[in-house]
Amino acid sequence: MVVKVPARCVIGVDLGGTKLLAGAVDAERLTVHHRARREVFGLDQSALVDAAVDAVQEASEAVTGEVQAVGFGIPCTFDRRRGVAVQAVNLPLADMRFGDVMSERLGLPVEVDNDANCAVWAEARAGSARGCSDVALLTIGTGIGGGLVLGGRLYRGSNGGGAELGHMVVDIDGPPCQGNCPNWGCLEAVASGTAMVREAALRVAREPDTPLGQALEEGRALTGPLVTELAFDGDPVAAAAIRVVGERLGVGIANLVNIFNPQVVVVGGGVIAAGEMLLEPARATMLRRALAPARDEVRVVATSFGAESGMIGAALLAADPDAAE
Ligand SMILES: [Zn+2]
């Protein structure tokens, strides 16, 4: 089905380590008209570029309006001066001029940014932090991504390396961090989805006679979604794992509140499926640890675009790159 899009149409692409989501977005009404998905796990660089081109073309062909530009959100650090991805943990994009390559292949202007930068831009422009000038975002999945909008502008740091909020240290002698991070005791090392599963594993080993213990006994894999599902059903071990991760998250949020004095801290990523089970202890910990007056007015809320915030933010950046500057 071809949808008529009278207004400005842009394509947003969220390029993750395993999946790619491309959407044809009406940049004025912020409606998504077509979604194209591709599996990208294990692809080499040229196959990955082909998959991205193919998904963008599918999304473009599904709308009749003229496509203005394409935005990409990618989970890696960038050197914006050179336009290259520097560290891409799960994608074969390091040292590639990704934006230039895609622009040439697609024949359209292309914007590329870190996926969490895209997500915080979407939330600040049109989501949970709509209308706010100062916003921090944590996206919690396998790792923890971070994004900042400060004074109404997307904060990228001096050469594009900001804002890796997941790598703030919250435990000076804590466990080693993940991926390419040389640090230890980072928020990502203790409050990611990976840490939540580890916490549940430690607790269920001590208390196997619980619904979680029985589920593992029946052969179910210990994953974040399983922990969340059983916590909603009242399992005490699963609920405790989520609570302790929420409290650690609150320590990180207290740091953000003290340093940036944001109006809103938005929490997204797969782990936010736990909802208030995660946010309530995070908020309580932040209130105990952060300074007045910043702590008194900040809201700590879930993302409103969910798994699509990166894709929508990439589209918004492509539609109007100057708005973020
Ligand atoms: Zn780290």
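This is a predicted model: local features need pLDDT of at least 70, side-chain atom pairs count only at pLDDT 80 or more; totals for chains, interfaces and linings use all residues.
Visitor: Which strands pair with β11?

Guide: In general, strands of a sheet pair through backbone hydrogen bonds, and they do it either parallel or antiparallel. Here, strand β8 (residues 135-140) pairs with β11 in the parallel sense over five bridges. Strand β12 (residues 299-302) also pairs with β11 in the parallel sense, over four bridges. If you want to find these in the viewer, look for Thr139, whose bridge partner in β11 is Gly268, and for Val265, which stands opposite Val300 in β12.

Visitor: Now another sheet. In what order do the five strands of the open sheet come?

Guide: Read across it and you get β3-β2-β1-β4-β7, with mixed pairing. β3 (31-39) and β7 are the edge strands, each pairing on one side only. Neighbouring strands in this sheet are turned against each other by 20 degrees on average, ignoring direction.

Visitor: How many bridges join β2 to β3, and do the two run parallel or antiparallel?

Guide: Eight bridges join strand β2 (residues 19-26) to β3, and the two run antiparallel. One spot to look at is Gly23, which stands opposite Arg35 in β3.

Visitor: Which residues of helix α2 (residues 98-106) are buried?

Guide: They are Phe98, Gly99, Met102 and Leu106. Look down the axis of α2: these buried residues fall within an arc of 95 degrees, so they line one face of the helix.

Visitor: What do the buried residues of α2 pack against?

Guide: They pack against β1 (9-15), α1 (45-61), β4 (67-74) and β7 (110-114). Just after the helix, Gly107 takes a positive phi of about 70 degrees.

Visitor: Which strands does helix α11 (residues 309-319) lie across?

Guide: α11 lies across β1, β2, β3, β4 and β7, running at about 135 degrees to β1. α11 also packs with helix α3 (residues 115-126) at an angle of about 80 degrees, with their axes 7 Å apart. Angles from 65 to 115 degrees count as roughly perpendicular, so α3 is roughly perpendicular to α11. The contact includes Trp121 and Ala122 of α3 and Leu316 and Leu317 of α11. By class, this contact has eight nonpolar, three polar and three charged residues.

Visitor: What about single residues? Why does Gly166 count as buried?

Guide: The cut-off for buried is under 20% relative accessible area. Gly166 has 0% relative accessibility, so Gly166 counts as buried. You'll find Gly166 in the loop between β10 (153-154) and α4 (187-191). Leaving out residues up to four places away in sequence, Gly166 touches Ile144, Cys186, Leu187 and Glu188.

Visitor: Is Thr228 buried or exposed?

Guide: With a relative accessible area of 8%, Thr228 is buried. Thr228 sits in helix α7 (residues 224-232). Leaving out residues up to four places away in sequence, Thr228 touches Met196, Ile242, Ala273, Ala274 and Met277.

Visitor: Where are there cis peptide bonds?

Guide: Omega is the angle to check. The bond from Gly162 to Ala163 is cis, with omega near 0 degrees, and Ala163 lies in the loop between β10 and α4. Another cis bond joins Ala292 and Pro293, with omega about 0 degrees. Pro293 is in the loop between α9 (276-289) and α10 (294-297).

Visitor: Which residues have a positive phi although they are not glycines?

Guide: Leu30 is one of them, with a phi of about 60 degrees. Leu30 is in the loop between β2 and β3 and is partly exposed, at 24% relative accessible area. Asn261 has a positive phi of about 50 degrees and isn't a glycine either. Asn261 sits in the loop between α8 (236-260) and β11 and counts as partly exposed, at 48% relative accessibility.

How values were computed: Residues are numbered from 1 along each chain as its sequence is written. Side-chain values use heavy atoms; hydrogens and water are left out. Buried means under 20% relative accessible area, exposed over 50%, partly exposed in between (1.4 Å probe, protein chains only). Contact means heavy atoms within 4.5 Å. The arc is that of the directions from the helix axis to the C-beta atoms. Two strands pair if DSSP finds at least two bridges between them. Axes are lines fitted to C-alpha atoms, for helices over the stretch in contact, and angles run from 0 to 180 degrees between N-to-C directions. Angles under 35 degrees count as roughly parallel, over 145 as roughly antiparallel, 65 to 115 as roughly perpendicular and the rest as oblique. Ala, Val, Leu, Ile, Met, Phe, Trp, Tyr, Cys and Pro count as nonpolar, Asp, Glu, Lys and Arg as charged, and the others, Gly among them, as polar.
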